[in-house]
Every structure is written in structure tokens, then in C-alpha cells.
Amino acid sequence: MIKLKSLYLGMAVAAAAGLASCQADMDTPALQEPLATMKANTTISDFKTEFADKTVKCPMKDEESQTPYIIHGRVVSSDASGNIYKSIVIQDETAAIALSVNQGSTYTDYRIGQEVVLNVTGLYIGYYNGLQQVGWYDEYNGEPSLTFMAWDLFLAHSEKNGFPNPDVQYVDQNAEWPADNPYCIVTSFSQLPSTGEAFRNMQSQLVEFRNVHFKDGGKETYAPYQESVNRTLVDANNQELIVRTSGYSNFYNETLPEGTGTVRGILSYYGDAWQLLLRGKGDVMITKKGQKEDPYTVEEAMEVENQGASGWVSAYIVGSVTAGVTEVKSNGDVIFGSDAEIDNITRFERGSALIVTNSNNVTVDMRCSEEEKDLITTD
């Protein structure tokens with residue numbers, strides 16, 4: 001019996017070795033890069049402007065030559081977390097637009113950075129409660145509206161072009177937007193337009209807001225189970241923005257973070273107000289670091305300064321920028337030591353700490369001794 005088992009085992013090992021040898025001799029097929037046969041003949045901005053305030057089936061761009069409207073853009077959305085529902089957002093160098101599709105888990109085929117070329121003729125361009133998008137015809141309260149297009153219809157009208165380029169470039173709202181890779185617009189609540197071409201172009205863009213916090217941070221969760229709700233994001237000027245979160249997302253039951261930081265997402269619009277759609281929990285970069293209870297060190301503050309962060313810093317005053325200087329270019333622009341010009345600084349004491357706030361609203365929490373405090377004079 002033992003010999004029989006040994007025989008079977010030997011045959012199995014030999015067979016496995018043979019299969020491994022055959023597999024080793026096979027070449028792994030190369031990935032086939034998708035190449036679009038269509039070429040865009042209009043920008044997203046021009047396309048949205050052409051059909052502003054309309055909900056219509058997109059006609060031919062030129063009836064005589066039977067030339068369709070063709071746009072292109074790179075994917076900046078993702079439904080991987082379940083927070084964005086049946087929508088693919090693309091952007092080119094002029095604007096962004098949401099494609100309403102009747103399909104879930106599109107992130108597996110349309111990853112961030114994937115270029116998509118879309119023949120829009122034959123599809124509908126219009127609005128769903130204020131958000132301009134491409135989809136199919138529906139009615140809302142008796143008025144023309146947009147709904148999801150069939151997935152097969154989307155596939156028949158679109159082509160992928162190249163492999164995804166996920167490298168995101170961060171640009172200012174007033175800067176030139178790139179076309180060769182996805183971009184994220186760094187902006188503020190007060191900069192968001194309310195009318196015209198700029199308003200349409202900002203709809204559905206990937207944006208980033210800095211120095212913001214959640215109104216109910218540390219108290220509420222992102223959303224109740226299976227319920228979509230509004231949470232409130234607040235900036236340094238106490239202006240507010242809605243963050244719309246789905247109770248079907250994979251982070252719905254997590255508590256909103258406390259502290260201040262950066263939040264990204266797809267800038268959507270509903271009714272008469274902007275709202276932010278998080279692509280996932282990773283779009284929220286808020287921390288309690290930099291609060292009074294846990295101030296930055298100087299090194300930490302320098303690391304996050306270029307990211308637009310602001311907050312409290314624990315440090316010693318060793319000098320000040322010379323009056324009238326707006327940009328430090330040499331040591332001559334700084335006065336070091338006890339002769340520092342700090343007439344614009346107000347101080348008050350809190351225990352053993354010296355709190356200094358300058359005219360640029362930069363707040364510093366200096367932990368220093370009584371002797372070190374004497375180096376600082378104010379009127």
C-alpha cells in the first residue's frame with residue numbers, strides 16, 4: 001500500500017514538472033494598447049457652450065458631410081468606493097463633463113488617467129437638476145432631464161486611447177489646464193463661479209480645497225447606512241460647501257475626521273448649489289496636527305507650507321522680516337535678534353506659552369522661557 005501511494009505521488013510530481021516546463025516555454029502575451037480611430041473635433045468647453053441650457057439629442061456637427069460631434073478627455077472619477085454612482089467624469093484642457101452610464105464598477109475598465117474619445121452625436125446632452133452631462137433622455141417634474149445611457153450604447157460611441165496615465169498635475173483655477181494627463185484644480189469656495197462659461201467649465205472638475213475642516217468632525221459619520229446625506233465642509237473664512245456622501249460607500253460608517261487639512265473630489269452641482277463628491281476616503285487629508293493642542297514644529301510647517309496648509313507652530317522668535325518686505329531674497333531682508341521689528345505683532349500669554357499673531361494671520365505658538373520672552377518688545 002505504501003509503495004502504491006509512492007507510485008501515485010511520483011506520477012503527480014512528474015506531471016506537475018511537465019506542466020511547469022510547458023508553461024515556462026510559453027511566451028506571456030503582451031498587453032494590447034488601445035488606439036482610438038476617432039479624433040476629437042471640438043473641446044468639452046465648446047461642446048457644453050454649444051448646448052448650454054438645452055436638453056437635446058446631439059445632432060451632427062455638419063449635416064452635409066455627416067460629421068459627428070467628437071470630444072475627448074481623461075478619466076478623473078472613480079466608483080471604486082461606491083460613493084460615485086453610475087458616472088464617469090472626463091476632462092480635457094478646457095473643461096470637464098460627467099457621462100451618465102447605466103453600469104457599476106466602471107473603475108475596473110476606465111481607470112483614472114484613461115483617455116476616452118466619445119462620439120456624442122446620437123446621445124443626449126443636457127441637465128439633471130442643474131448638472132450638465134451626457135446621457136439619455138428622461139423627464140423630471142414634467143421637464144426634460146438626463147438619465148443613464150445604456151452601457152452598450154456608451155461602448156458603441158466611445159473608444160479608449162492609450163494606457164491610463166494616472167499622474168495628476170495640480171494647477172491653479174486661473175492657470176492653463178493641461179491636456180496630456182489628469183489635472184486637479186486647486187481652488188477655494190469663494191472662487192467658485194455661479195454663471196456663464198466659467199460656471200459650466202468648473203462643473204465636474206477634479207478639485208482640491210485646502211485649509212478646510214468638517215463642521216461635525218469627530219461627531220458624525222460620513223453617512224448613515226444606505227442613505228445619502230450632506231455633510232458640511234468649512235474653510236478658513238467660515239464659508240461652507242456641501243460634501244455629498246452615499247450610505248452605500250465603503251467608508252460611510254467612519255467618523256468624520258477632526259482637524260484641518262486638504263479635501264479633494266469631483267465638483268458637482270445640484271439644484272442651485274455646488275457640492276463635492278469624494279472618490280474615496282483617500283480624498284480626505286485632514287489631521288489634528290497643527291491645532292493648538294498639537295502644533296507643528298518648524299520643520300513640519302515647512303514641509304506642508306507648499307501644500308497650502310496653515311495652523312499653529314511651536315517655535316522661538318529669532319527675528320522678523322524687515323518692514324515693507326514682501327519676499328525674502330537675502331539676509332538683508334531679515335532683522336535677527338532682540339531688535340526685530342514686530343510692531344505688527346500682538347501677544348498674550350497662556351501659561352508658559354507666548355502666542356504671536358502677525359498681520360498676515362499666521363499664528364505661532366512659541367514655547368519659551370520668561371527670559372526668552374523678554375527679548376520680544378511690543379507697544
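This is a predicted model: local features need pLDDT of at least 70, side-chain atom pairs count only at pLDDT 80 or more; totals for chains, interfaces and linings use all residues.
Residues are numbered from 1 along each chain as its sequence is written, and side-chain values use heavy atoms, with hydrogens and water left out.

The structure holds one cavity of 30 Å³ or more, a cavity being a set of points on a 1 Å grid over the protein atoms alone where a 1.4 Å probe fits but cannot get out. The largest cavity holds about 40 Å³ of space, with volume taken as the space filled by probe spheres set on the points, which are joined across faces, edges and corners. Its lining residues (those with an atom within 4 Å of a point) include His72, Gly73, Arg74, Asp92 and Tyr183. Strand β4 (residues 70-75) gives the most to this lining, three residues; strands are DSSP runs (E, at least two residues), numbered from the N terminus. By type, the lining splits into four nonpolar, four polar and three charged residues, where Asp, Glu, Lys and Arg count as charged, Ala, Val, Leu, Ile, Met, Phe, Trp, Tyr, Cys and Pro as nonpolar, and the others, Gly among them, as polar.

On the outside, Tyr128, Tyr140 and Tyr270 make up a nonpolar patch with about 290 Å² of accessible area together. Such a patch joins nonpolar side chains (Val, Leu, Ile, Met, Phe, Trp, Tyr) within 5 Å, from residues with over 30% relative accessible area and no salt bridge; areas come from the Shrake-Rupley method with a 1.4 Å probe, and only the protein chains shown count as cover. Tyr128 sits in strand β8 (residues 124-128) and is partly exposed, because its relative accessibility is 34% (buried means under 20%, exposed over 50%, partly exposed in between).

Now for the charges. There are seven salt bridges, each a side-chain nitrogen of Lys or Arg within 4 Å of a carboxyl oxygen of Asp or Glu. One of them pairs Glu208 with Arg264 at 2.5 Å, N to O. Glu208 is in strand β14 (residues 206-214) and Arg264 in strand β17 (residues 260-270), 56 residues apart. Glu208 is buried at 4% relative accessibility, and Arg264 is buried at 19%. Another bridge joins Arg279 and Asp283, with the closest N and O atoms 2.9 Å apart; both residues are buried. Salt bridges with shared partners also link Glu208, Arg210 and Arg264 into one network.

Conventions. On a 1 Å grid over the protein atoms alone, a cavity is a set of points where a 1.4 Å probe fits but cannot get out, and a pocket is an open set with protein on both sides within 12 Å along at least five of seven lines; lining residues have an atom within 4 Å of a point. Helices (H or I, at least four residues) and strands (E, at least two) are DSSP runs, numbered from the N terminus. Patches are made of residues with over 30% relative accessible area and no salt bridge: like charges are joined within 9 Å, nonpolar side chains (Val, Leu, Ile, Met, Phe, Trp, Tyr) within 5 Å. Buried means under 20% relative accessible area, exposed over 50%, partly exposed in between (1.4 Å probe, protein chains only).
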